[in-house]
Amino acid sequence: MPRILPALALVGAVFSAPALAGGLEPVALAPLTHPDAQLQVIGPDGGETVYAQADLERLPTYSLTTATPWREVPATFEGVRLRDVLAANGLEGQSIAVTAENDYTTVLSAELIETVDILVATRVDGRAHTRRARGPIQFVIDQEVFETSDLTDEANFVWMVARIEPEG
Ligand SMILES: Nc1nc2c(c(=O)[nH]1)N[C@H]1C(S)=C(S)[C@@H](COP(=O)(O)O)O[C@H]1N2
Ligand SMILES: [Mo]
């Protein structure tokens, strides 16, 4: 029973306080040169907004130190919250389809987006995120949340993210 309590506390935190659920800490980012990348966001009316990494980083920026399915040793990812990118484009409360540069496509449910903090990472360990390291724009979830939540899946960790659009 005592061993289960921390997990229950975490689940409670995920559902009652989404903003604190994912290990994200506000952070100020110094200017940096990024690899060329473009994230296209399609709004509910079909309108399109294109972001380079520096454009994304004008939203509130956060830091998340975590291991991932491909990194045993935790790294510090920096970027913006997916929820904020969506809100800036009228996509709050919506399921979205995400497409990567390699045409990989996956759907993220509205429930997942609302309850789990997903970082749209543009930097790792103080450097620009590269394609070689699963950048240049990658969705990252805190490992503890990833392992605890029923809503998360390895497929959520999209890298080379290129396009977000409303799903359904
Ligand atoms: N850009 C991109 N991101 C992606 C994928 C992909 O094919 N392309 N596959 C997803 C899925 S379904 C999983 S399970 C993991 C798998 O990564 P791996 O094939 O390197 O193990 O990454 C996710 N992110
Ligand atoms: Mo997968």
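**Exercise 1.** Find how far a polar side-chain atom of Arg-134 lies from an oxygen atom of ligand 1.

*Solution.* Start at Arg-134: a polar side-chain atom there sits 3.1 Å from a ligand 1 oxygen. That's a polar contact (a pair of N or O atoms within 3.5 Å). Next, go to the backbone: a polar backbone atom of Phe-157 is 3.2 Å from a nitrogen of ligand 1. Then check Trp-159, where a polar backbone atom is 2.7 Å from a ligand nitrogen. Last, cover: on its own, ligand 1 has 520 Å² of accessible area (Shrake-Rupley method, 1.4 Å probe), and the protein covers 65% of that.

Before going on: this is a predicted model, where local features need pLDDT of at least 70, side-chain atom pairs need 80 or more, and totals for chains, interfaces and linings use all residues. Residues are numbered from 1 along each chain, chains are lettered from A and ligands numbered from 1 as written, and side-chain values use heavy atoms, without hydrogens or water.

**Exercise 2.** Sort the shell around ligand 1 by class.

*Solution.* First list residues with a heavy atom within 4 Å of the ligand: among them are Trp-70, Asn-102, Arg-134 and Glu-154. Now sort, with Ala, Val, Leu, Ile, Met, Phe, Trp, Tyr, Cys and Pro as nonpolar, Asp, Glu, Lys and Arg as charged, and the others as polar. You get 7 nonpolar, 1 polar and 2 charged residues.

**Exercise 3.** Work out which residues line the largest cavity.

*Solution.* By class, that's 4 nonpolar, no polar and 3 charged.

Terms used
On a 1 Å grid over the protein atoms alone, a cavity is a set of points where a 1.4 Å probe fits but cannot get out, and a pocket is an open set with protein on both sides within 12 Å along at least five of seven lines; lining residues have an atom within 4 Å of a point. A polar contact is a pair of N or O atoms within 3.5 Å; within protein, one must be able to donate a hydrogen and the other to accept it, and residues adjacent in sequence count only if both atoms are side-chain atoms.
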